[in-house]
Amino acid sequence: MSITTTEEKRRLRETVRTLEQSLSPEELGESDRLLFDRLMALPQVADSNVLLLFWGMGREPDTQQLFAPLTAAGKTVLLPRCLPGGEMELRAWQGRERAVLHPYGMWEPSEDCPLFAADAVDLVLVPALCYDRAGFRLGRGGGFYDRFLARYTGFSVGLCRQALLQDRVPREEHDLGVRLVLTEHRTILCKE
């Protein structure tokens with residue numbers, strides 16, 4: 001009997017979470033440093049004015065470390081607000097004092113922070129449990145970013161710890177990949 005893509009994804013989520021747990025705090029910190037150095041060195045980041053980031057949770061890259069240097073470089077940093085129905089809106093990050101804690105556990109800009117349309121975003125950093133070499137991702141299963149990427153035409157980047165990079169992530173028709181995947185030591189251009 002063949003297994004479904006949904007079951008393949010469930011199994012891979014378990015495997016990746018086990019791999020994540022095997023990484024020490026020191027390994028995670030060094031991984032973050034290397035990933036962020038490589039991200040900040042991308043010409044696409046230098047050329048971008050408005051960047052959509054995400055709030056790293058758990059053992060994801062601690063993306064908060066990027067907020068201050070990007071803002072200091074004159075960039076506008078956005079974070080998503082997850083809305084009912086699996087949609088998200090994009091709002092400017094204006095510090096923790098203007099943020100709210102979402103039930104999923106991440107901080108989001110409050111609804112009084114400036115709202116941006118998807119076409120105003122030059123570069124989006126897409127969260128994932130892991131990526132494959134073709135730029136496809138295994139998310140947490142909510143579909144928020146798949147819906148966003150379906151209408152987004154700008155540049156998309158995925159950060160993936162080398163230890164979590166997969167040969168192939170199970171995918172369905174609605175699953176969309178990113179244009180570039182960065183690991184601590186590799187840059188993988190996935191789509192032109």
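Start with two residues: Asp-175 is buried, and Lys-9 is buried too. Buried here means under 20% relative accessible area, exposed means over 50%, and partly exposed is in between, with a 1.4 Å probe and protein chains only.

Before I go on, a word on the source. This is a predicted model, where local features need pLDDT of at least 70, side-chain atom pairs count only at pLDDT 80 or more, and totals for chains, interfaces and linings use all residues. Residues are numbered from 1 along each chain as its sequence is written, and side-chain values use heavy atoms, with hydrogens and water left out.

Back to the pair. Asp-175 and Lys-9 form a salt bridge, with 2.8 Å between the closest N and O atoms. The term means a side-chain nitrogen of Lys or Arg within 4 Å of a carboxyl oxygen of Asp or Glu. This pair links distant parts of the chain, 166 residues apart: Asp-175 sits in the loop between strand S10 (155-159) and strand S11 (180-182), and Lys-9 sits in helix H1. Helices (H or I, at least four residues) and strands (E, at least two) are DSSP runs, numbered from the N terminus.

How many salt bridges does the structure hold? There are 17. In general, side chains of opposite charge can pair when their charged atoms come close.

Another one joins Arg-81 and Glu-111, at 3.7 Å from N to O. Arg-81 is in strand S2 (residues 76-82) and Glu-111 is in the loop between strand S5 (107-109) and strand S6 (115-116), so this pair also links distant parts of the chain, 30 residues apart. Arg-81 is buried, at 12% relative accessible area, whereas Glu-111 is exposed, at 59%.

Shared partners also occur: salt bridges join Glu-7, Arg-10, Arg-11 and Glu-14 into one network. Within it, Arg-11 and Glu-7 have their closest N and O atoms 3.0 Å apart. They are four residues apart in helix H1 (residues 5-21), which means about one helical turn separates them. Arg-11 is partly exposed, at 42%, and Glu-7 is partly exposed, at 22%.

Last, helix H2. Its buried residues include Leu-28, Asp-32 and Phe-36.
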